[in-house]
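Me: Can you walk me through this model? Keep it brisk.

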Amino acid sequence: MDFETLYSAALEALNPRKVSEDVETEGVAVALATDKGHFTGACVLTRPAAWASARSTPL
């Protein structure tokens, strides 16, 4: 999988939104290619923690 494909997959995983005053979600995304497969993920930001969790989805 080349860089452009991974980059496009990461952009598709983005869905930034503010859930509440203290929670923002899916404003940072990643696409990874590993020997186990290809995955995308997006983070959930909460205050005061820097980020709490991530979801991952096979490409």
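Reply: A term to begin with: helices (H or I, at least four residues) and strands (E, at least two) are DSSP runs, numbered from the N terminus. Tyrosine 7, for one, sits in helix α1. The model is predicted, so local features need pLDDT of at least 70, side-chain atom pairs count only at pLDDT 80 or more, and totals for chains, interfaces and linings use all residues. Residues are numbered from 1 along each chain as its sequence is written, and side-chain values use heavy atoms, with hydrogens and water left out.

Me: How many helices and strands are in the protein?
Reply: One helix and four strands. Along the sequence the pattern reads α-β-β-β-β.

Me: Where is confidence lowest, and where highest?
Reply: pLDDT is the predictor's confidence in each residue, from 0 to 100. It is lowest in strand β4 (residues 53-58), with a mean of 54. It is highest in α1, at 89. The mean pLDDT of the protein is 76, and 73% of its residues reach 70 or more.

Me: OK, burial. What percentage of the residues count as buried?
Reply: 20% of the 59 residues. Buried means under 20% relative accessible area, exposed over 50%, and partly exposed in between (1.4 Å probe, protein chains only).

Me: Which residues form a nonpolar patch on the surface?
Reply: Phe3, Tyr7, Leu11 and Leu14. Together they have about 410 Å² of accessible area. The rule: patch residues have over 30% relative accessible area and no salt bridge; like charges are joined within 9 Å, nonpolar side chains (Val, Leu, Ile, Met, Phe, Trp, Tyr) within 5 Å.

Me: How many salt bridges does the count come to?
Reply: One. The rule asks for a side-chain nitrogen of Lys or Arg within 4 Å of a carboxyl oxygen of Asp or Glu. Glutamate 26 pairs with arginine 17, and their closest N and O atoms are 3.2 Å apart.

Me: Are those two ends buried or partly exposed?
Reply: One of each. Glutamate 26 is buried, because its relative accessible area is 12%. Arginine 17 is partly exposed, because its relative accessibility is 42%.

Me: Where is glutamate 26 placed? And what is its phi?
Reply: Glutamate 26 is in strand β2 (residues 23-34). Its phi is positive, about 60°, although it is not a glycine.

Me: Stay on β2. What is valine 28 in contact with?
Reply: Contact means heavy atoms within 4.5 Å. Valine 28 is found in β2. Leaving aside neighbours within four places in sequence, it is in contact with Leu14, Gly41, Ala42 and Cys43. Valine 28 and leucine 14 are 14 residues apart in sequence and 6.5 Å apart in space, C-alpha to C-alpha.

Me: What does valine 30 touch?
Reply: Not counting residues up to four places away in sequence, it touches Ala10, Phe39, Thr40 and Gly41. The C-alpha atoms of valine 30 and glycine 41 are separated by 5.3 Å, and the two are 11 residues apart along the chain. Valine 30 is partly exposed because its relative accessibility is 38%.

Me: Last one. What share of contacts comes from residues 24 or more positions apart?
Reply: 20% of the contacts with a separation of 6 or more. As for spacing, tyrosine 7 and leucine 32 are 25 residues apart in sequence and 9.4 Å apart in space, C-alpha to C-alpha.

Definitions and conventions:
Accessible areas come from the Shrake-Rupley method with a 1.4 Å probe; for residues, only the protein chains shown count as cover.
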